[in-house]
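Student: I would like to learn how to read a structure like this one, beginning with the chains and then turning to the helices. Could you take me through it step by step?

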Amino acid sequence: MARNITYREALNEALTQEMERDESVIVMGEDNAGGEGAPGEHDAWGGVLGVTKGLYHKFPGRVLDTPISESAFIGAAIGAATAGMRPVAELMFVDFMGVCFDQIYNQAAKFRYMFGGKAVTPVVIRTMYGAGLRAAAQHSQCLYPLFTHIPGLKVVLPATPYDAKGMMIQAIRDNDPVIFFEHKALYDTAGPVPEESYTVPFGEANVVREGGDVTIVTLGRMVHTSLDAAAQLAASGVECEVVDLRTTSPLDEDTVLESVEGTGRVVVVDEAHPRCSIATDISALIAQKAFGALQAPIEMVNAPHTPVPFSSALEDCYIPDAQRVVNAVKTVTGWTR
Amino acid sequence: MTDTLERKTLTREQLLDAYRTMRAIREFEERVHREFATGEIPGFVHLYAGEEASAAGVCLSLDDRDTIASTHRGHGHCIAKGVDVGEMMAEIYGRRTGSCHGKGGSMHIADLSKGMLGANGIVGGGPPLICGTALAAKIKGTGGVGVAFFGDGGSNQGTTLESMNLACVWNLPAIFIAENNGYAESTASAWSVASDNIADRAAGFGMPGVIVDGFDFFAVYEAASEAIARARQGGGPTLVEMKFTRYFGHFEGDQQTYRADEVEHARAELDCLARFAARVTETGELTQADLDAIDAEIGAEIDKAVHDAKAAPLPTEADLLTDVYVRY
């Protein structure tokens, strides 16, 4: 039975249900319980934003706090995955990939291929991404394009509490390394989530709004921005179809192309920087495989090619908003040869 | 350097095993050295000859529960952990019959079914992984241990130091084996390692640190078996530093202009195989005939490995796209 819970609660429920179901599932990361070795409460934090709160006491010995030592514990999660565990490791902010990326892209991503198909590495690396919390340049980035580039990794970005739960369960049961991106501005958003366990398969985009005039391809937090824009545009008679990619690797090309065949006009909305982004990737896909259907050049809405600024006055300009999406849709609908 | 005076008693079978492992590594590496010179072996090859006592002396105390992670110079670790030499040779030749079906090569030979988590093309890549396999063994209660081999170069990587700290914090059944062969590529460890010994760093993490004559199989065995037994019993990690010299360059083709005649001296005076043979025949534990029989057996095995590798099929274009994911 579905009830409204938050994105954070949905993730916690997914972890709880999988840990109950499968004792090889373990959780590790900085402050994932919190308070380890300190005189106060254990499970003091449950992760810096509370996603793993409560697991420590429910699953003794299976929720591990770590030193601030990402190379060692992300690598340990990967090593444990090769040895029969299903670890869910938290790389607190994706910005910290710089201190441990080797373990992810040279080790986990390559074992299966490099070892001739003999390795299975069922690790989940949870990580927070995105701007909006005034967290500035080193705690706000959207680095999913970098991971998407690497063969051997799966990259997933749930936009709703429903997807957060179903995709986390899928990620834990998946036998490949999964990088699980959680937008920090979505944790408190609520939505209907079934109590029972379920999975959302990877590589299946979700058409979250149907419309015949323009296709908006988007992902993560930008799904909500795009839906806001689509609602505004509908009031003026422009019907947008909003496609939530949900996963960037694997990528559901068919759903994107099918929508574009129907509308002929495309806006791609991506919170990452514009160069070598998901927006450019989707644009290239459409240009290659649906060129004949296009009635206007593709518009991309991205954050600018700058670091994420701190000041609210600047960050609010930095993050793509509904108005920019509306403007882009007007550009593609107004375009004539 | 002198041999250890006292040692734990090894059975005749263990001594034969140890010699067989060291001889197999030596023969494998000497042969790859010669074959590489003909131009038939592609890519980068880093040979382990001279360091055999380390792999053999450590792995003699390991079993199927245990995992190891290796380095660029990984052939010796693979052989000592039981990876098939025929498949290894085929892998080095890039053949479809190789350990990794020709997709890994010398720097990535692995066999997870043997607990061999791969040679590693990244210096310092292995220790974090071994924290993970040791953690898995601890949680599952198998009694298994994880052993991270790394070089003097790898000893300076943050990954290695982070892993030592994590292993101590989590009290993991992990053993860190620093194989100090004197050079990280062409740079002397006497310069690049700021402390006098790599093993000195163990104190900073609160674990035992041991320095061993890496040419002395018995010394290696003593130190490693003690560390492994301690880890199995929940006593936590140990750092063991082997001091020795590699007989070949950093890679095949290295002119080694950074060093003088130390290899000649090591081969003549310190060689692990020669010292092992002298010792066991002197004590009467094994006879020269025992050793000769192993030499002949290994010689034939390596001959066959090279012959089969050269005759084996190459991977096909269809293989290019397989095994990226379990399911995509």
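Student: How many residues does the contact take from chain B, and how many from chain A?

Tutor: Please keep in mind that this is a predicted model. Residues count as being in contact if their C-beta atoms lie within 7 Å, and here the contact takes 37 residues from chain B and 36 residues from chain A. The elements that give two or more residues to the side of chain B that touches chain A are α5 (126-140) and α6 (158-169) of chain B, and the largest share, 10 residues, comes from α5(B). By class, that side of chain B has 18 nonpolar, 14 polar and five charged residues.

Student: Why is helix α4 of chain A described as largely enclosed?

Tutor: A residue is buried if 20 or more other C-beta atoms lie within 10 Å of its own. Helix α4 (residues 101-108) of chain A is largely enclosed by the rest of the structure because six of its eight residues are buried, namely A:Asp102, A:Gln103, A:Ile104, A:Tyr105, A:Gln107 and A:Ala108.

Student: What covers the buried residues of α4(A)?

Tutor: The cover includes α3 (70-82), α5 (111-114) and β5 (124-129) of chain A, together with α5 of chain B.

Student: At what angle do the axes of helices α1 and α2 of chain B cross?

Tutor: The axes of α1 (residues 12-37) and α2 (residues 52-59) of chain B come within 9 Å and cross at roughly 145 degrees, in a right-handed crossing. The contact is made by B:Ala18, B:Thr21, B:Met22, B:Ile25 and B:Arg26 of α1(B) and by B:Glu52, B:Ala53, B:Ala55 and B:Ala56 of α2(B), and these residues divide into six nonpolar, one polar and two charged.

Definitions and conventions. Residues are numbered from 1 along each chain as its sequence is written. Chains are lettered from A and ligands numbered from 1 in the order in which they are written. This is a predicted model: local features need pLDDT of at least 70, side-chain atom pairs count only at pLDDT 80 or more; totals for chains, interfaces and linings use all residues. Two residues are in contact if their C-beta atoms, placed from the backbone, lie within 7 Å. Helices (H or I, at least four residues) and strands (E, at least two) are DSSP runs, numbered from the N terminus. Ala, Val, Leu, Ile, Met, Phe, Trp, Tyr, Cys and Pro count as nonpolar, Asp, Glu, Lys and Arg as charged, and the others, Gly among them, as polar. A residue is buried if 20 or more other C-beta atoms lie within 10 Å of its own, exposed if 12 or fewer, and partly exposed in between; C-beta atoms are placed from the backbone. Axes are lines fitted to C-alpha atoms, for helices over the stretch in contact, and angles run from 0 to 180 degrees between N-to-C directions. A crossing is left-handed if the near helix is turned anticlockwise from the far one by less than a right angle, and right-handed if clockwise.
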